[in-house]
Each structure stands twice: as C-alpha cells, then as structure tokens.
Amino acid sequence: MLALLCAAQFMLVLDVTVVNVALPDMAADLHLDRTALTWVVTAYTLCFGGLMLLGGRLADALGARRTLLAGLALFTAASLACGLAGSAPVLIAGRIAQGVGAALLSPAALALVTTSFHGPARARALGVWAAIGGTGSAVGVLAGGALTGGPGWAWIFYVNVPVGLALLAALPAVLPPRAPRRSGGLDLPGAVLVTAGTGALIYGLVEAGDGGWAGTGTLLPLAAAAALYAAFAGVERAAPKPLMDLRMFTRRPVLAGAFLMLVATGLLIAFFFLGSVYLQHARGLGAMRTGLVFLPVAVAVGAGAHLGSRLVTTAGSRATAVGGMVLATAACAPLAGLGAQSSVYGVLMPGLAVAAFGLGAVFVTATTTALGMVAHEEAGLASGVVNTFHEVGGSVGVAVVSTVAAAGIEGAPGTSAGFGDAFLVCAVAAAGCAALCAVLVPRGKPETGGAMPLH
C-alpha cells in the first residue's frame, strides 16, 4: 500500500518541475506567449495549494479512500487532456484540473499513510513519503528533458496516464475501508475565496510585465486580490469549521515557517522557470541538456535539506534560516549579470546549485519551526498552513520573475535581456528574507529534526 501511495504522490510532485523544461517546445507548438507560459506552471500549483486544505476536509467527510481515488481519476484524465491540448486555453484548463485532482489526492494519501502505520513503522513510512518530494524534483527535470527531447512535450503528460490507470486498478484492493468522519462542514466559500484571491494576485503580477506596475490591468487584479483575501479572513472568522484557523498566524513559529516556505519555494520554482527559458530560448540548448544542467540543482536541494535537518537541532532555527538565505543571496548575486555569453557550466549551474543547497536547509527549517515549536495538538493545523504556502509560493515566484524577465522571454531567440534583472530580484528577495529571519524566526531549537514538505 505504501509503495502504491508513494507512486501516486510521486506523479504529483513530478508535475511541478517536469513542465519547466518543456516550456519552450510548448510555446513553439501551441504559439504560447509569456502570459500563457506562466499560467501553464502556476495554474497547477495554484489549485494544488489553494484547494489542498479543502481536499483534506473532504477526506475526513467522505473518507480518505474515496477522496483519493476520485482525485487520482481526475488527475489521470486531466493529464490526458493536457497531452492532447492543441491550444493554450485547453492546456491551462487541463493544468487546473490536474491541480484540483492533486489537491484531493495528496492529503487523502497522507491521511492513509498516517492512520495505517503506527509506532516506529509510521516514522519510517513518513520518512519514505517525505523523500518523494526531493526525488520527484530531481527526476522531474531529467524526465522533462528526456521526454521533450525524445517523443515530444506531450509525453510529459501522457506518461501519467498508464501509471494512473494501473494505480486505479491496484489501489482499491489494498486500501483499508475507513468510515468517513463527519467534520461539520467543508467551508467551500473559504476555499473558493483564497484560491480566487491568489489567482487574481498572480494575474496582476503577470500583467505588470505588459502594462507596467501602474497600469489598470495590474492594479485592478491586485485590488481584487486584496478584497478577496479580506473576504476570506471574514469567512474564516465566522465559519464554525474554518478551512484555515487564522489564529495560527498569531503563533510566531507558524508565521515564521509559513513565511520561510513561501519565499523558499517561490525562489526555487522561479529558478527552474527562469533557467529553462534562458537555456533554451536565449542560449539554444536542447531540452535534454537543459534537464542535465538542472540535475545538480535538484540534488543540491536534497543535500541542503539533509544538512539542515542536523543544523536546526544544533545551531537552532534562526541560525539555519539566516544562513540558508544568506547563501542563496550570495549565489544569486553573480547571476544578476547574466548575459548571452555567460558560462552555463561556470556561472549559471554552480550559482543555482549553491542557492538551491541553501534553500534546502530553509525548507527543513520552515517545517521544523512550524511543527516542532507549537503544541502537539496544533501540529496538524500548522502543517496545513505551511504546506499551503509551499504550493502558493511557487505560483507567486514564477509570476514575479516572468514579469521582470518579460523582455527576454518574449524576445527573439538569443535575447538575454531581463534574465539578469530577474535573478537580481531573486537575490534581493533572499537577502530581505534573511534580514527578516533574524527577527522573526525564534531562537530556540525544535524538538525534532525535520524533512522536506510532505507533498
């Protein structure tokens, strides 16, 4: 059962990074502009993160087994639709459906892992589950390059279909039938408001690349995002069973963990997005070579997480978070001068790998700070908050760097304008985060070491 559940989770994690390497080929075949390319990445992570807490509530209300199978069926069908897509609207709609399916599948699968194993076996099972996050990212960049450079970009989606069908056939035989727990409401309005608010935020950020930050197309969506978030806060305060207990943000460890996760994920996914477009559009590398360039970056995240899990229990959360972000800042700073003649293997790859190493330590700090410094009865709520910010951070990061690098993304092949500016923004964001961490992150040490996000 654990192997099958991890295989299902692996598909979800894979689809966060596998798409980035295929973006230039998608753009050429479907005539996608910069805005559409950005939404191909962010639509998935937006719906995954925005609806994940609702998916967890549905697993409680309807049963984890039923919710998981429904999410897996939707994700599989949506993957087929993405592969068959002949236009931007169809592809983005498929990515949205994939995100909804992932939001149903992931929390239900984690609930089954948590309730089916006990004692030391549960710790081992959760360790395997957490390892899926790091390996999925690494395999994603390689698979994206191999499939795009081989049979074509559509196969990054087609490959999910036989795996999904096999899992749909095998899982019902091994999943335990568990009675649903009536949770007293699903808070659908809260889920819709927070997802719509984040969608409006991303739309405004992307539009700034075309109309400027003072343009109506930018300011109206940003104002709408603020209004939707305010409405979400009001709904959550009034709801008997809120989707997200906003009182958790009064807990300093949870606030610090959510902030760290937002920035770290935003930076990492932005690296994959920027680097893929730069390497293939500005430098003319093929998809397979691009995937190989990113392999050390993906591996560095896992190595940094391994070191970070030791440092948080020895040096403490604050020192680890500040150190990780300072390292990311120092590694990003030279990339601000990235141009058409910059060395891929002497400048870009080592810079991204070192930055990713620092971010790996920050990921661990975020989870252990939020979960290891609050009461045990609040750990579940804190985990939901941090995991939501994990997915949303990727969407926001891609939207911001897409806007800053608009000139290079939309320019003729060989154009490198804007990419250096986008990496400069990443460096400034990492430096700002490091400064805030010195104040926001508690000095103490979590009770236990941590792992990568569990989804």
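At what angle do helix H10 and helix H12 pack, and how many Å apart are their axes? Some notes on that and on two other helix pairs follow.

1. Ground rules: this is a predicted model, where local features need pLDDT of at least 70, side-chain atom pairs count only at pLDDT 80 or more, and totals for chains, interfaces and linings use all residues. Numbering starts from 1 along each chain as its sequence is written, and side-chain values use heavy atoms, with hydrogens and water left out.

2. H10 (residues 252-282) and H12 (residues 317-332) pack at about 20°, axes 12 Å apart. Helices here are DSSP runs of H or I, at least four residues, numbered from the N terminus; axes are lines fitted to C-alpha atoms over the stretch in contact, and angles run from 0 to 180 degrees between N-to-C directions. The pair is therefore roughly parallel (under 35 degrees; over 145 would be roughly antiparallel). H10 passes H12 in a left-handed crossing, i.e. the near helix is turned anticlockwise from the far one by less than a right angle.

3. On the H10 side, the contact (heavy atoms within 4.5 Å) includes Leu-260, Val-263 and Phe-271, and H12 brings Arg-318, Ala-321, Met-325 and Cys-332.

4. From H12 the contact includes Val-322, Ala-328 and Thr-329; from H16, Phe-423, Cys-426 and Ala-430 are among the residues. The tally is 16 nonpolar, 1 polar and 1 charged.

5. H11 (residues 287-314) passes a length check: at 1.5 Å a residue its 28 residues should span 40 Å, and the end C-alpha atoms are 41 Å apart, which agrees. The expected span is 1.5 Å times one less than the number of residues. H11 still bends by about 30° at Phe-294, with Pro-296 following within four residues; the bend is the angle between axes fitted to the seven residues ending there and the seven starting there. Just after H11, Gly-316 has a positive phi of about 100°.

6. Last pair: H1 (residues 2-30) and H7 (residues 160-174) pack at about 150°, axes 9 Å apart, which makes them roughly antiparallel. Among the contact residues are Leu-4 and Asp-15 of H1 and Asn-160 and Gly-164 of H7.

Notes:
Angles under 35 degrees count as roughly parallel, over 145 as roughly antiparallel, 65 to 115 as roughly perpendicular and the rest as oblique. Ala, Val, Leu, Ile, Met, Phe, Trp, Tyr, Cys and Pro count as nonpolar, Asp, Glu, Lys and Arg as charged, and the others, Gly among them, as polar.
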